[in-house]
Amino acid sequence: DGFGVRVSQGGTKTFVAVRGPERKWTSLGRYPDLSLKEARAAARLILPPPPPGAPPTSVREAVDAFLVDATNRCRPSTVANYRRYLNRIDKTDLRDVTKAELTYTPHATAAAKAFFNWCIREGIVEKNPVQFERIKLGQRSRVLTESELKAVWNYEAAPFSDHIKMLILTGQRRSQFSNFEIREDVLFFPADAMKGKEDHSIPLLPMARAIAPRIRSYSGWSKSKARLDKHVQIPPWVIHDLRRTFSTTMASLRVPLHVTERILAHRSGTVSGVAAIYNRYDFMEEAREALATYEAHLAKIFA
């Protein structure tokens with residue numbers, strides 16, 4: 001009790017301890033310069049200990065603290081999934097949370113596992129109720145047909161539709177376009193925009209070049225996708241299916257697999273492990289030829 005985070009209008013986050021009847025505030029340090037664990041330890045030196053038999057940290061306090069920590073370690077999409085599933089826990093006390101309410105989907109189970117493992121490391125709880133639950137995430141196989149791809153391409157609702165077109169043209173992950181640069185005839189993605197945490201670049205061909213300058217960091221994907229689905233009524237699909245469609249189309253155009261994986265930045269592909277260490281050739285020209293063939297193919301479909 002009395003330990004928390006104060007957020008200024010400018011977004012600065014400061015750990016604080018509030019104590020006594022007069023509600024005296026003591027600043028402990030700013031996040032992320034001071035970690036959550038360090039701030040909690042500092043608070044314990046200032047705040048009175050909880051009375052004997054007091055319940056452990058509440059579900060809401062623990063979830064909020066976990067999300068703060070996860071934000072510093074995980075991708076925004078991962079944190080969003082954690083928040084979505086953990087906020088559905090309707091218990092007040094962590095001791096009352098049961099395995100049954102945590103395992104209704106594989107993604108919910110994964111979020112619960114991560115959360116309770118973190119709680120154990122922080123000394124909040126002693127056991128993980130889903131520790132031995134197996135997580136079986138479904139393997140998606142959805143590939144859009146040419147007519148479906150054309151229908152999605154023809155949907156116009158900028159700036160969202162521009163992002164969708166770039167994903168169709170490049171096969172990249174949508175998160176990458178929150179931070180990228182146009183360098184002459186190349187799209188460059190810095191390491192912090194990449195899942196593999198390594199710089200990545202791909203050739204920029206005419207169709208993509210026409211759209212790339214309009215791309216800016218974008219939020220509201222879920223609502224925009226829902227509006228798209230109302231206008232383009234095709235069997236259910238998710239945005240990541242465009243990446244699989246890109247790869248499948250490349251295969252149908254007889255593009256060598258290692259070139260496609262080079263474009264997609266697949267670290268576990270055909271050139272990986274020891275081979276990746278010794279083979280430093282970047283396959284940029286091959287990627288350029290492949291993307292030229294791919295854009296020509298799309299131009300015929302979209303005509």
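**View A. Threonine 14 is a buried residue of strand 2.** At 15% relative accessibility, threonine 14 counts as buried (under 20% relative accessible area, with exposed meaning over 50% and partly exposed in between; 1.4 Å probe, protein chains only). It sits in strand 2, residues 13-19 (strands are DSSP runs of E, at least two residues, and helices are runs of H or I, at least four residues, both numbered from the N terminus). Leave out residues up to four places away in sequence, and threonine 14 still touches Gly4, Val5, Arg6, Ser27, Gly29 and Arg30 (contact means heavy atoms within 4.5 Å). This is a predicted model, where local features need pLDDT of at least 70 and side-chain atom pairs count only at pLDDT 80 or more, while totals for chains, interfaces and linings use all residues. Residues are numbered from 1 along each chain as its sequence is written, and side-chain values use heavy atoms, with hydrogens and water left out.

**View B. Helix 2 packs its buried residues against helix 1, helix 3 and helix 4.** Helix 2 covers residues 59-71, and its 13 residues reach 18 Å from first C-alpha to last, close to the 18 Å expected at 1.5 Å a residue (the expected span is 1.5 Å times one less than the number of residues). The buried set is Val59, Ala62, Val63, Ala65, Phe66, Leu67 and Ala70. Their packing partners are helix 1 (36-46), helix 3 (76-86) and helix 4.

View C. Neighbours within four places in sequence aside, alanine 108 is in contact with Tyr85 and Leu102.

View D. The whole structure has zero disulfides (a disulfide is a pair of cysteine sulfur atoms within 2.5 Å). Cysteine 119 counts as buried, at 0% relative accessibility.

**View E. Helix 9 and helix 10 are roughly antiparallel.** Helix 9 (residues 241-252) and helix 10 (residues 257-264) pack at about 155 degrees, with axes 10 Å apart (axes are lines fitted to C-alpha atoms, for helices over the stretch in contact, and angles run from 0 to 180 degrees between N-to-C directions). That angle makes the pair roughly antiparallel (over 145 degrees; under 35 is roughly parallel, 65 to 115 roughly perpendicular, the rest oblique). Arg243, Phe246, Ser247 and Met250 of helix 9 meet Thr260, Ile263 and Leu264 of helix 10.
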